[in-house]
Amino acid sequence: RQMCIRDSMKTTLIRCVNACMAVNYLSQMEWDYKTAFTLARLRRALQPSVDFYIREENKLTQEFGQLDEKGNVAFTERGTFLFKDPADAPEYNTRRFELANVETEIDWKPAALPEPQKIKPIHLEALEGFIRFGGDGA
């Protein structure tokens, strides 16, 4: 009888969020089957941590942000919000930083993929440690 040992990777919530955004960007391009499958698997591995981060960040904005008449956070056109009390901004920033840096473990082993024709540096950086472009196995 063999035990199934899963590959896992320790990271932080914000790294999961950033990597997921990079995967979403790359997913807009056409890829060979193996690459597309790997990107889809990575998104599935990241999603629980991303969902948790979004839920917790939303709780913070509810706690610190001005609310509209329906009780929702009143976001500006730029996607930011105004504080109920501007003096609370440092507390919000501290708690958001702590949330971003919560350690998490995802079911993922770094994978090698072929180099994309084009990629933005911010996406390349976000995928560091999750994906190796070019080289062995790609």
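**Tour of the salt bridges and a helix pair**

Select Glu56 and Lys59 to begin: the two form a salt bridge, with the closest N and O atoms 2.9 Å apart. The model is predicted. Glu56 is partly exposed at 22% relative accessibility, whereas Lys59 is exposed at 51%.

A search of the whole structure finds four salt bridges, and the next stops take in others from that search.

Move to Glu57 and show its side chain together with that of Arg96. These side chains meet in a salt bridge, 2.6 Å from N to O. What does this pair tie together? Glu57 belongs to helix H2 and Arg96 to helix H3, residues 89-100, so the bridge links parts that are 39 residues apart in sequence. With the surface still on, check each end. Glu57 has a relative accessible area of 18% and counts as buried, because buried means under 20%. Arg96, at 34% relative accessibility, is partly exposed.

Stay in helix H3 and select Arg95 and Glu91. Their side chains form a salt bridge with an N to O distance of 3.7 Å. The two residues are four apart in H3, about one turn of the helix. Both ends can be compared with the surface: Arg95 is partly exposed at 28% relative accessibility, and Glu91 is partly exposed with a relative accessible area of 40%. Salt bridges with shared partners join Glu63, Glu91 and Arg95 into one network.

Clear the selection and show helix H1, residues 13-26, alongside H2. The helices pack at an angle of about 135 degrees, and their axes are 8 Å apart. That angle makes H1 oblique to H2. Which hand does the crossing of H1 and H2 have, left or right? The crossing is left-handed.

To see the contact itself, select residues from each side. On the H1 side, those that meet H2 include Leu13, Ile14, Val17, Cys20 and Val23. On the H2 side, the residues in contact include Leu39, Leu42, Leu46, Val50, Phe52 and Tyr53.

Conventions
Residues numbered from 1 in each chain as written. Predicted model: local features only at pLDDT ≥ 70, side-chain atom pairs only at ≥ 80, totals over all residues. Heavy atoms only, no water. Buried < 20%, exposed > 50% of the residue type's maximum accessible area, 1.4 Å probe, protein only. Axes fitted to C-alpha atoms, helices over the stretch in contact; angles between N-to-C directions. Parallel < 35°, antiparallel > 145°, perpendicular 65-115°, else oblique. Left-handed = near helix turned anticlockwise from the far one by under 90°. Contact = heavy atoms within 4.5 Å.
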